Amino acid sequence: MAIVNPDFIQDIREFGADDLSACFNCGNCTATCSLSDQYNSFPRKMIRYSILGLEDEIQASVDPWLCYYCGDCSSSCPRQADPGNLMMAVRRYLVASYDWTGLSKKLYTSKVWEIGVIGFISLAVLFLFIFFHGAMPTELTSQGGVQLNTFAPSRIIELVDWSVAGFLSFFLLSNILNMYFKIVRTRKDLKIPFKLYLTEFYQLIVHFLTQRNFSKCDTEKVSFMTKVRNGNYTYWLIHFLLMSSYVILFTMIVGFLGWFQTDIVHPWYFPQRILGYYSTIGLLIGIIYFSALRFKRENEKSKKSHFTDWTFLLLLFLTATTGILVHFFRVNGMPMATYYTYVVHLMVLFPMLIVEVPFSKWSHLAYRPYAIYFSNLINKASELAVVKKSKS
Ligand code: SF4
Ligand code: SF4
């Protein structure tokens, strides 16, 4: 039996939703949404669930993850109930509901927790460096580089990276498993053939790598160039740039630090420098673009910002700029500036990874493709069940 939470409409406001009482259930928003279809109809249904406090239904739904926040529904709402913003708030709520540790809820609903946890991890990194850093040689290597690997040996930093990667993977994957149980395993009426898990798996990979539904998130049937001018493809492109930059940097730092962090100053065309430049430029473009949208608040999707949106952008900005400074000081032979900036860089990088990847904003990158995968499993299994029934 469904559990009703009469306070849900208040609870969801802590995650950034507006007052939903203005909604009179007209359905304009669902009719406008280009991503809503016969299988997954939203956002009106999500508003009804929220008003009625049907938490089980909300947690079992993939719909919030299929919304890419174009804001068309909010523009078309005659009551200014802002359904697009509700979908965003429900995504934050879902991240918290999948997270069995409860930390995500605290981070999303309390600035004190958000700042406290980030500050705690930063200070832990600082203390580790104060007590365990290597020598700080001021002389340069024979190639004119700074001896960063003496101050912070890449073998040790790599071990720390692997431990952090294991920690992040454990929490993120266990939360995804929780999501699977809430969405797929609650469908007791449906038997999903094992073969479907395999044949639909490519959807997960494609949507993780491309996040391509971002570009479908508009109702205008116009030319590519018009879309570019309107900012529709720009949004997808910059989101892709930001995401790919992050994934490349994460892979190089966690998987190949010994190759990436060397005391040798390679020429600019070496792969580690090209990948480093691509990622840094991609991060900066993404940060500037999304921050400008949020500051200007001109379109629906960036009108309202939750405090966690700002901490995410700030951490990302500090990670990118301190990374650039470390590189600049290192290649220009400035040892002390390199060492101190490197510590500051790790003081923002580690909280950004530990807070954002499994418990906050970055987790959306994983939850969206999984939601599409789970949605396809359910929809295809339903079709198979109908065919089987019609034959019998
Ligand atoms: S949110 Fe607005 S458009 Fe959607 S059903 Fe409610 S009143 Fe209608
Ligand atoms: S924000 Fe866009 S994708 Fe999301 S529900 Fe509204 S119209 Fe659909």
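Predicted model: local features only at pLDDT ≥ 70, side-chain atom pairs only at ≥ 80, totals over all residues.
Q: Got it. How big a box do the C-alpha atoms fill?
A: Along the principal axes, the box is roughly 75 × 45 × 45 Å.

Q: And how many helices and strands are there?
A: You'll find 20 helices and zero strands in the chain. Helices (H or I, at least four residues) and strands (E, at least two) are DSSP runs, numbered from the N terminus.

Q: How is the chain divided into domains?
A: There is domain 1 (8-98) and domain 2 (103-384), with bounds that come from an automatic or database domain assignment. Their C-alpha centres lie 26 Å apart.

Q: How many residues of each domain are in contact?
A: On the domain 1 side there are 27 residues, and they are in contact with 30 residues of domain 2. Contact means that the C-beta atoms of two residues, placed from the backbone, lie within 7 Å.

Q: Which elements of domain 1 give two or more residues to that side?
A: Those are α5 (63-66), α6 and α7. The largest share, seven residues, comes from α7. By class, this side of domain 1 has 13 nonpolar, 10 polar and four charged residues. Here Ala, Val, Leu, Ile, Met, Phe, Trp, Tyr, Cys and Pro count as nonpolar, Asp, Glu, Lys and Arg as charged, and the others, Gly among them, as polar.

Q: Let's switch to the ligands. Which residues come nearest to ligand 1?
A: Cys-23, Cys-26, Asn-28, Cys-29 and Cys-77 do, out of 13 residues around ligand 1. A residue is near a molecule if its C-beta atom, placed from the backbone, lies within 6 Å of it. The helices α2 (28-32) and α3 (44-52) each supply at least two residues of this shell. It divides into eight nonpolar, three polar and two charged residues.

Q: What about ligand 2, which residues are closest there?
A: Around ligand 2 there are 17 residues, and the closest are Cys-33, Cys-67, Cys-70, Cys-73 and Gly-84. The elements that give two or more residues to this shell are α6 (72-76) and α7 (83-98).

Q: Which of them gives the most to the shell around ligand 2?
A: That is α7, with three residues.

Q: You mentioned α3. Which of its residues are buried?
A: In α3, the buried ones are Arg-44, Met-46, Ile-47, Tyr-49 and Ser-50. Buried means that 20 or more other C-beta atoms lie within 10 Å of a residue's own, exposed means 12 or fewer, and partly exposed is in between, with C-beta atoms placed from the backbone.

Q: What covers the buried residues of α3?
A: The cover includes α1, α2, α4 (55-59), α5 and α7. Just after α3, Gly-53 takes a positive phi of about 75°.

Q: Which residues other than glycine have a positive phi?
A: Asn-25 is one of them, with a phi of about 65°, and Tyr-69 has a phi near 55°. Asn-25 sits in the loop between α1 (8-11) and α2, whereas Tyr-69 is in the loop between α5 and α6.

Q: Is Asn-25 buried or exposed?
A: Asn-25 is exposed, because it has 10 other C-beta atoms within 10 Å. Tyr-69 has 18, so Tyr-69 is partly exposed.

Q: One last thing: where is the peptide bond from Phe-42 to Pro-43, and is it cis or trans?
A: The bond is cis, with omega near 10°, and Pro-43 is placed in the loop between α2 and α3.

Definitions and conventions. Residues numbered from 1 in each chain as written. Chains lettered and ligands numbered in written order.
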